[in-house]
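Welcome, and thanks for taking a look at this one. Please open the structure below and keep it beside you as you read.

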Amino acid sequence: MNPNFPIYIPSKGRWSTLLTSHRLHAMGVPHFIIVEEQEIHWYEAAKDNSATLLVLDRRYQQEYDPCDELGDSKSKGPGPARNFAWDHSLAGGHSWHWVMDDNTRWFYRLNRNRLASLADGTAFRVMEEFCQRYENVVMAGPNYLTFIRARERCAPFVANTRIYSCNLIRNDLPYRWRGRYNEDTDLSLRMLKDGWCTIQFNAFLQDKETTQRIPGGNTKEFYEAEGTLPKSQMIVDLHPDVARLVERWGRWHHYVDYGPFRYNRLRRKKHMDIKAGVDNYGMRLVTVGGKEADEYLTSL
Amino acid sequence: MLTSTLADSNSLDRVITEGEETLDDLLANPYNYDLFSRRPPDLLSNVLEGWGWRQRVIVNRQSGHIIDGCTYLEGAIASDEKVISAIYVDLDDAEECALIGALDWLRIMVGRDGPTLAFLRQAGESNEPLKGLLDALDAIDLSMEWQGMPEFTQDKINAWGAIRVNFLSATDRDGFAALIGQTITDQTHSIWYPKREIDHCTLNCYVSDES
């Protein structure tokens with residue numbers, strides 16, 4: 001089962017890895033990769049059949065608000081491509097869209113204290129349908145694998161916190177991405193401050209390669225030269241009411257208090273017919289290498 | 001109508017008196033979500049018939065509100081009683097609300113958009129035990145929203161016990177591993193016995209029937 005809404009992956013300088021795209025291809029999930037014009041031939045050579053390339057319209061870079069005074073002297077990050085994705089999705093008549101970082105290795109489902117990888121796109125459909133139950137949920141996505149301990153109790157989702165790296169976004173909103181850094185945090189906070197709700201799923205998780213560990217993306221432009229201080233400072237400057245700067249393990253980080261938004265209550269759409277109990281959407285656990293898994297993988 | 005005073009003799013120092021309350025004098029609690037009309041009419045009498053009306057209701061003397069015991073009150077009214085046994089407590093608004101939350105969380109859950117929860121959340125900002133209660137309610141609340149979604153059972157797994165086993169050599173370690181039928185490597189920090197499939201299962205994946 002595939003998601004109903006289009007998936008976009010902004011990517012820059014990472015045609016040799018393309019982790020998220022390759023993973024989605026392995027899961028049989030079609031998607032778009034948004035690239036800059038000068039790199040398209042590299043991506044053409046590297047992409048899988050499930051991926052469709054889109055060239056980023058330069059206007060999105062020129063008109064992007066980086067929230068600083070540095071203009072074009074530094075990369076503006078993935079924000080312009082994310083805005084391009086938003087508008088592309090709207091033009092296609094979609095009510096939601098997914099936008100994902102390009103360095104996700106795996107997607108997982110958590111249940112019964114087990115983390116098992118997802119072999120197809122059913123989980124994306126589940127997340128979409130869950131969000132569509134509510135009239136005031138505007139952004140959602142899976143939590144990071146590293147933030148979950150499989151032996152600990154947790155809820156299937158957490159409401160009203162930051163959604164990052166893999167974002168399902170409702171299209172009919174006036175927001176757009178902004179900021180040279182921490183765009184995810186900024187967008188989440190703007191939505192939450194306006195009383196909307198976000199949903200971070202623990203039932204489904206993403207396993208990202210550490211941001212600064214693989215080349216390409218923002219690594220060269222941002223972190224190699226300047227460290228993490230400007231990145232954290234920006235979100236503190238934009239949201240001083242809930243964000244503050246902290247130093248941990250020799251690096252600067254930002255701490256955001258999402259506590260004020262815990263009372264943004266989820267409001268179900270009227271006349272929603274929700275079945276009681278469990279609906280696994282046909283998902284079942286198989287052993288990799290077992291006969292059933294082999295048959296399934298062969299059928300892809 | 002107060003018939004006796006407990007005051008200093010009671011270990012709950014906010015309980016100040018006990019007595020009998022005239023039903024007409026009792027005030028319904030505005031924070032207590034009203035479930036009366038949702039209960040099947042015969043349920044109360046069927047369940048409580050054999051118990052009589054000995055259970056006391058709790059009444060806040062400051063506000064005159066019933067804190068707990070609405071079920072018995074309802075039964076007393078249905079039985080055309082005139083008075084009911086009561087315990088009186090002396091609580092301000094925040095304390096009253098917190099006590100309702102602790103005694104009757106299910107009603108709060110059902111009326112979770114109502115004034116009680118809003119009041120409790122405000123009070124919980126500066127009250128750690130109350131905040132803990134609200135966090136627990138939130139977790140239940142979120143799980144209730146997950147109806148019709150894929151199974152999600154995620155409890156804390158605690159070991160019954162743990163011991164530290166020391167080996168003089170790698171050979172001894174390997175011998176122990178063979179003895180219990182598990183693999184132990186230099187990277188192994190802990191194991192379960194019997195072996196449990198928890199955490200990261202690299203050998204499993206989820207597939208879908210419709211794919």
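Which residues does A:H239 touch, not counting residues up to four places away in sequence? They are A:R178, A:D186, A:L189, A:R190 and A:K193, where touching means contact, that is, heavy atoms within 4.5 Å.

A word on the ground rules: this is a predicted model, in which local features need pLDDT of at least 70 and side-chain atom pairs count only at pLDDT 80 or more, while totals for chains, interfaces and linings use all residues. Residues are numbered from 1 along each chain as its sequence is written, chains are lettered from A and ligands numbered from 1 in the order in which they are written, and side-chain values use heavy atoms, with hydrogens and water left out.

**Two histidines of chain A**

- A:H239 sits in the loop that links α8 (229-238) to β11 (243-248) of chain A; helices (H or I, at least four residues) and strands (E, at least two) are DSSP runs, numbered from the N terminus.
- With a relative accessible area of 2%, A:H239 is buried; the classes are buried under 20% relative accessible area, exposed over 50% and partly exposed in between (1.4 Å probe, protein chains only).
- Its side chain makes a polar contact with the side chain of A:K193 at 2.7 Å. A polar contact is a pair of N or O atoms within 3.5 Å; within protein, one must be able to donate a hydrogen and the other to accept it, and residues adjacent in sequence count only if both atoms are side-chain atoms.
- A:H271 belongs to the loop between β12 (251-256) and β13 (283-287) of chain A, and it counts as exposed because its relative accessibility is 81%.
- A:H271 and A:R133 are 138 residues apart in sequence, with their C-alpha atoms 9.8 Å apart in space.

**Chain A as a whole**

- Chain A contains 9 helices and 13 strands, and its C-alpha trace spans about 55 × 50 × 45 Å along the principal axes.
- The radius of gyration of chain A is 19 Å, which agrees with the value near 19 Å for a compact globule of 300 residues; it is taken over C-alpha atoms, and the globule rule is 2.2 Å times the number of residues to the power 0.38.
- Of the 300 residues in chain A, 54% are buried.
- Among contacts in chain A with a separation of 6 or more, 74% are between residues 24 or more positions apart.

**Chain B as a whole**

- Chain B has 7 helices and 6 strands, running β-β-α-β-β-α-β-α-α-α-α-α-β from the N terminus on.
- Buried residues are 37% of the 211 residues in chain B.

**Where the chains meet**

- The contact draws on 42 residues from chain B and 55 residues from chain A.
- About 4,800 Å² is buried between the two chains, and carbon and sulfur atoms give 50% of that area; buried area is the accessible area (1.4 Å probe) that two parts lose on being put together, summed over both.
- The interface holds 2 salt bridges, a salt bridge being a side-chain nitrogen of Lys or Arg within 4 Å of a carboxyl oxygen of Asp or Glu.
- A:R112 pairs with B:E151 in a salt bridge whose closest N and O atoms are 2.7 Å apart.
- Between chain B and chain A, 23 residue pairs are in polar contact, both residues at pLDDT 80 or more.
- On the side of chain B that touches chain A, α5 (115-124), α6 (128-145) and β6 (199-208) of chain B each supply at least two residues, and β6(B) gives the most, with 10 residues.
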